Amino acid sequence: MRVRAEMTQYSGYSAPWARPWRPAPAVGLSLLLHAAGVATLVVSPGLWPWVIGGLGANHLLLTAAVLWPRGRILGPNLVRLPAAAAARNEVSLSFDDGPDPKVTPRVLDLLDCHQARASFFCIGEKAAAFPELVREIARRGHSVENHSHSHPNAFAFYGLARLRREVDAAQATIAGLTGRAPEFFRAPAGFRSPLLDPVMAACGLRYVSWTRRGFDTVHGNADAVLQRLTRGLKPGDILLMHDGAPVVLAVLPALLDQLAARGLKPVTLPDAFRDGPGA
C-alpha cells in the first residue's frame, strides 16, 4: 500500500528538467518526407509507387538507426562522460535490468568495499516489486535511472502514446521510491525509437548508451566479460553491465581492482554530468 501511495503521489509530477523538443535532423527530414508524400498523392495519385518506394526507403534507414545503439541519428546520445569528468579520471559503471533481489545486494556490497558509486537503470515493474532494494540503492549513494516500466522487446516500435506510458510509469515509480526523478534513460536492449525524443524532452530525461559493454547476459565467462570492459579503458568511459546477471559478481571485484590500479574513479552519471552535457 505504501508503494502504491507513493506512486500515486508522483504520478502527476512535473519534470523540473522538461525542455522543448527539437527533432534530430534525420527525424525532421523524415517528417517532411511523409508530409511531402501525402501532398504528392493528393495532387498526383498516379505517382503512388514512387511515394511508397521513397517512404519505404526512409523506414529502412530509420530501422537501421534503431538497431545502432550508440548512434546519434535519432537524437542526442551520451556515449561518454563530459570532458571535465574525464579530466577528473572519472568513469561510470551502469547496471541495467534490475533490481534483482539476489544479485543487486551483493553488487552494492562490492561497490561499497571499493567506495565506488554507480548508476542503476531499473525497470519500473521490478522497482515496484522490490521497493526497499531500490531505496537501498539510493541510500548507498548510487543513482537510480529509468529503463522503461516493463522492458518490452518491441519498445523501439511502439507508438508515441505507448512510449510515453512506459517512460512515465517508470519515472513516477522511481521518483516515488527515492524522492528523486531519474535524469537519464536507456532503452531496453539499447534499441531506441525514432519517436522517443519528445517523450524524454517532456520528462527532462537525457538518453545515454555506453562506451563499452561486457555482454554479461550473453556470456558466462567472467574473464571474457572483464576483457571486453577493460580493453582500451580510459577516463570518461561509460561501462554497461547487468545486475541480474550472476557472472557480474565474478567480474566486478577484478574490474574495481583494475579501475583503482589505473587511478580511475567510478561515479554516478548525475555527478559526472554536473559540469556539462558531455559527448
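Which residue forms a salt bridge with E145? That partner is R180, and the closest N and O atoms of the two are 2.8 Å apart.

## About the model

This is a predicted model, in which local features need pLDDT of at least 70 and side-chain atom pairs count only at pLDDT 80 or more, while totals for chains, interfaces and linings use all residues. Residues are numbered from 1 along each chain as its sequence is written, and side-chain values use heavy atoms, with hydrogens and water left out.

## Salt bridges across the chain

Back to E145 and R180. A salt bridge here means a side-chain nitrogen of Lys or Arg within 4 Å of a carboxyl oxygen of Asp or Glu, and searching the whole structure turns up 14 of them. The E145–R180 pair ties together distant parts of the chain: E145 sits in strand β3 (residues 143-146), and R180 in the loop between α8 (160-178) and β4 (184-185), 35 residues apart. Helices (H or I, at least four residues) and strands (E, at least two) are DSSP runs, numbered from the N terminus. E145 counts as buried at 0% relative accessibility, whereas R180 is partly exposed at 24%. For the cut-offs, buried is under 20% relative accessible area, exposed is over 50%, and partly exposed is in between (1.4 Å probe, protein chains only).

R212 and D237 make another such pair, with their closest N and O atoms 2.9 Å apart. This one also links distant parts of the chain, from R212 in strand β6 (residues 212-213) to D237 in the loop between α10 (222-230) and β7 (238-242), 25 residues apart. Both R212 and D237 are buried.

## A charged network

D109, D112, E136, R139 and R140 are joined up in a network of salt bridges. Within it, R140 pairs with E136, the closest N and O atoms being 2.8 Å apart. R140 counts as buried, at 18% relative accessibility.

Helix α5 (residues 104-113) has T104, V107, L108, L110 and L111 buried. Seen down the axis, these buried residues fall within an arc of 165 degrees, so they line one face of the helix; the arc is that of the directions from the helix axis to the C-beta atoms. They pack against β1 (90-98), β2 (118-122), α7 (131-139) and α11 (248-261), with contact meaning heavy atoms within 4.5 Å.

On the other side of α5, R106 and C113 are exposed. Just after the helix, Q115 takes a positive phi of about 50 degrees.

## Cysteines

How many disulfides does a search of the whole structure find? It finds 0, a disulfide being a pair of cysteine sulfur atoms within 2.5 Å. C113 counts as exposed at 65% relative accessibility, while C203 counts as buried at 2%.
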